[in-house]
Amino acid sequence: MRRISQISFQAADASTRQRTLRAYVWIVLGRLVGYAALLLVAVISLLPLAWMVSTSLKAFGREFLFPPQWIPNPVVFGNYLTAFETSNLARYFGNTLMISVLATLGTVISSSLVAFGFARLEFFGKRVLFIILLSTLMLPVIVTLVPTFVLFKTLGWIDTPLPLIVPWWFGGGAFGGAFFVFLIRQFMLQLPRELDEAALVDGASYFRIYWRIMLPLSKPALAASAIFSFIHHWNDFLNPLTFLNSEEWRTLALYLRFFLYTEAGGGAGLTRWNLMMAASVVMLVPVLVIFFSAQRYFIRGVALTGIAGR
């Protein structure tokens, strides 16, 4: 009987090992398939970027060779210098940088201040006001474009960068300041209420609590909001097209469009795509630098702002 029991236990152990091995193989295969799918999606997503960089280094007339020439021959790094020399690309870059930085700074300050009020203060109609604020996200930008234009024309701000900067210092803007208020508010809800109570006992005002306690602790949410805002302002085309007329304040997004019809671009019939792709790479570089330098805060901010449901 003891011999039979030993044989039964050995058979059960062998069967268990086989099932474990089979399950492990399926797990490995599933991960390999998942990684392969992600790699395929990544390659497909990076193809336009690779083609843009490749075209920016090609000689004029070799942009559309067939079969496609992914590695330029010869490599013309001078396209970037030519793009700056044949147009006011440096000025457009400076205009875009100035507008994006100031508008992003206004967005972070105004949105965080409003978010602090909704997250940490108690007042009559708080929930109703917050719902009304979020409802503005459903309002299409094009609906408010004409009255906004009339307002800025009355103020004499047309053909100046003020319509692209000032509204963001007061929680407005076409991209929806409510989105950033919601993002930062959700993060502030995670911070312990004891911090506010201890500061109030020590005699701190609400503004000091906001400035000295909430803002330093909300860096991930502020970084995520700053990245979203900067990318929007840097790539914005509709608002500069609406409010800017002269070349003096033209942004990079406008320049890339007008480039097709300028002498530097070769005119509408003979576009110098290599120079246009070089200018596009110049426009893309700051966004990539900011995103990857603040990626840690960005991911943490987005991950933590979705926890609270209050």
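The accessible surface of the chain comes to about 18,600 Å², and 70% of that area belongs to carbon and sulfur atoms. Accessible areas were computed by the Shrake-Rupley method with a 1.4 Å probe; for residues, only the protein chains shown count as cover. The model is predicted: local features need pLDDT of at least 70, side-chain atom pairs count only at pLDDT 80 or more, and totals for chains, interfaces and linings use all residues. Residues are numbered from 1 along each chain as its sequence is written, and side-chain values use heavy atoms, with hydrogens and water left out.

The chain holds 14 helices and zero strands. Helices (H or I, at least four residues) and strands (E, at least two) are DSSP runs, numbered from the N terminus. Of the 310 residues in the chain, 36% are buried. Buried means under 20% relative accessible area, exposed means over 50%, and partly exposed lies in between (1.4 Å probe, protein chains only). Contacts, defined as heavy atoms within 4.5 Å, were also counted along the sequence. Among contacts in the chain with a separation of 6 or more, 72% involve residues 24 or more positions apart.

Two helix pairs were examined. Axes are lines fitted to C-alpha atoms, for helices over the stretch in contact, and angles run from 0 to 180 degrees between N-to-C directions. Angles under 35 degrees count as roughly parallel, over 145 as roughly antiparallel, 65 to 115 as roughly perpendicular and the rest as oblique. Helix α3 packs on helix α9 (residues 206-217) at an angle of about 110 degrees, with the axes 11 Å apart. The two helices, α3 and α9, are therefore roughly perpendicular. On the α3 side, the contact is made by Ile109, Ser112, Leu113, Phe116 and Arg120. On the α9 side, Tyr206, Ile209, Tyr210, Met214 and Leu215 take part.

The second pair is helix α2 (residues 78-85) and helix α13 (residues 273-293). Their axes come within 9 Å and cross at roughly 85 degrees. This angle makes α2 roughly perpendicular to α13. Asn79, Tyr80, Thr82, Ala83 and Phe84 of α2 make the contact with Asn274, Leu275, Ala278, Val281 and Val282 of α13.

Side chains of opposite charge can pair when their charged atoms come close. A salt bridge is a side-chain nitrogen of Lys or Arg within 4 Å of a carboxyl oxygen of Asp or Glu. A search of the whole structure finds two. In one, arginine 120 meets aspartate 196 at 2.8 Å, N to O. Arginine 120 lies in helix α3 (residues 89-120) and aspartate 196 in helix α8 (residues 193-201), so the bridge ties together parts that are 76 residues apart in sequence. Arginine 120 is buried at 5% relative accessible area. Aspartate 196 is buried at 7%. Arginine 120 also belongs to the contact between α3 and α9.

The other salt bridge joins glutamate 122 and lysine 126, with the closest N and O atoms 3.4 Å apart. Glutamate 122 is exposed, at 64% relative accessible area. Lysine 126, by contrast, is buried at 15%. Lysine 126 lies in helix α4 (residues 126-135). Leaving aside neighbours within four places in sequence, lysine 126 is in contact with Phe118, Ala119 and Leu121.

Helix α4 also contains serine 135. Serine 135 is partly exposed, with a relative accessible area of 30%. Serine 135 and alanine 178 are 43 residues apart in sequence and 8.5 Å apart in space, C-alpha to C-alpha.

A nonpolar surface patch of about 730 Å² is formed by Leu21, Tyr24, Val25, Trp26, Val28, Leu29 and Leu32. Patches are made of residues with over 30% relative accessible area and no salt bridge; like charges are joined within 9 Å, and nonpolar side chains (Val, Leu, Ile, Met, Phe, Trp, Tyr) within 5 Å. Valine 28 sits in helix α1 (residues 2-56). At 31% relative accessibility, valine 28 is partly exposed.

Backbone geometry was also examined. Most residues other than glycine have a negative phi, and most peptide bonds are trans. A cis peptide bond joins asparagine 73 and proline 74, with omega about 10 degrees. Proline 74 is found in the loop between α1 and α2. Aspartate 159 has a positive phi of about 65 degrees, although it is not a glycine. Aspartate 159 belongs to the loop between α5 (141-155) and α6 (162-165). Its relative accessibility of 23% makes aspartate 159 partly exposed.
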